Amino acid sequence: MSPKIMAGDKLKILFLGRDDFSSLVLQELYNARDVWDELVVATYPDQRVGRRGSQLSVSPLKVLAEACQDIRLEFIPPSKPEFRQWKLPSPFSSYACDVVSSGQASLELPPLSHVLVTASFGRILTQKHLSHFLPTRRLNVHPSLLPQYRGAAPIQHSLLNGDQETGVCVIEMLPAGKKQPDTRKVGIDAGDIWAHKSMDQPSGATFSQMRDQLGVEGGKLLVELLRDFKSQKQISPQPQCVGESPLKPAPMVRLEDAHFSPITSTAEEASRCWRAIGHQRPITAILQVSTEAPTRAVQLHDLQVYTRQLNTAVEQRLPSSPGAVICSSCDTDNTSEKALFIRCIDGSILSVRKVKPEGKPILDAQAFWNGVRKHKDVKFIVHGGA
């Protein structure tokens, strides 16, 4: 028997997520009470992280779900192997459209009113998980204009690349893995697009700013789509258009992505790095105070491209060789906060207002400079270089 839904029937939704982006999407969905009559949220349990478990990591989605009425909160197993065996909560586990994947031949087909939604979930759903929903009712909210930036960190990589345009999509979720002989579609973030919206990305935008905008817009797109499902509007998703332009990937951010050297990077690239990933990875640089002394790893905070009109004395005092550094006021009358000024590869200048030496607290630029200015050959060098 084919699954049916009566026009006007409210939906039963399983929402999977974890972070602030998914929380913004959920908030829009929660506010749309005309769309759903049952909303189940599954997220990560609290976990001990850091050295010797000194910090408690709490899912922002859990905090939001606990604060909302009429949401049922479930927790997934903490490890990936356990998650692969995780049984979906009721009522979704009582249905399946793929007997082989579900392993339960007696289950009925899932109704059209059952919808799976993921947003920045961080786990790959198995075919068995997906089999409890019809293919058209498996949705993912992804913060990029697909097919660009498939992967775990689309917002970060869009900012790193200096894109002037970004966006958000609601796509059909496909099984992970390699393409099968029967030509079924597979692949992470490769599903057909149900809805999308593009938007400008300002030149000085930060990760948190774009995450908030994309999360809200993604939530609104999702709600509009679910209203179409509910009213039985005749719509179809569109395949992702892979044109002649090469695809830009969005893999997880690595520690080395936060390595900065003015010998190889411009001030603009350093500023983008700070705005894109500084919230999750400290921007690190290698300081050499003399040829005899060991180099020092330092974290740089509050990185900005220096505008020469602010203080022409900085341009005059700062040597032209990449890696050169001075400490000076940010304006001509020397009344503003001091900053480090670093010459970069293309002659541009990077200003840094705060520095964290290894094993020490964050210092303002002047306090840090007071500790190294006694040396005559202070400069930044490449990671692993001399």
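The structure, a predicted model, holds 18 salt bridges.

**View 1. Salt bridge between E217 and K197.** The closest N and O atoms of E217 and K197 are 3.0 Å apart, and the two residues form a salt bridge. This pair links distant parts of the chain: E217 lies in helix α7 (residues 207-231) and K197 in strand β9 (residues 193-200), 20 residues apart. E217 has a relative accessibility of 18% and therefore counts as buried, the limit being under 20%. K197, with a relative accessible area of 36%, is partly exposed.

**View 2. Salt bridge between R353 and E337.** R353 pairs with E337 in a salt bridge whose closest N and O atoms are 3.3 Å apart. Distant parts of the chain are linked here as well: R353 belongs to strand β14 (residues 349-357), whereas E337 sits in the loop between β12 (325-329) and β13 (338-343), 16 residues apart. R353 counts as buried because its relative accessibility is 19%, and the limit for buried is under 20%. E337 is partly exposed, its relative accessible area being 37%.

**View 3. Salt bridge between D257 and R254.** In this salt bridge, the closest N and O atoms of D257 and R254 are 2.9 Å apart. D257 is partly exposed, with a relative accessible area of 22%. R254 is also partly exposed, and its relative accessible area is 46%.

**View 4. A salt-bridge network.** Salt bridges link five residues into a network: K12, D37, E38, R72 and E74.

**View 5. Strand β6 and its two partners.** Strand β6 covers residues 114-119. Strand β1 (residues 11-17) runs parallel to β6 and is joined to it by 6 bridges. Within this pairing, G17 has A119 of β6 as its bridge partner. Strand β7 (residues 138-142) also runs parallel to β6, and 4 bridges join these two strands. V117 stands opposite L139 of β7.

**View 6. The two faces of strand β6.** In a regular strand, side chains alternate between the two faces of the sheet. One side of β6 carries H114, L116 and T118, and the other carries V115, V117 and A119. Residues on both sides are buried, so that both faces are covered. In total, 6 of the 6 residues in β6 are buried.

Methods. Residues numbered from 1 in each chain as written. Predicted model: local features only at pLDDT ≥ 70, side-chain atom pairs only at ≥ 80, totals over all residues. Heavy atoms only, no water. Buried < 20%, exposed > 50% of the residue type's maximum accessible area, 1.4 Å probe, protein only. Pairing = 2+ DSSP bridges. Salt bridge = Lys/Arg side-chain N within 4 Å of Asp/Glu carboxyl O.
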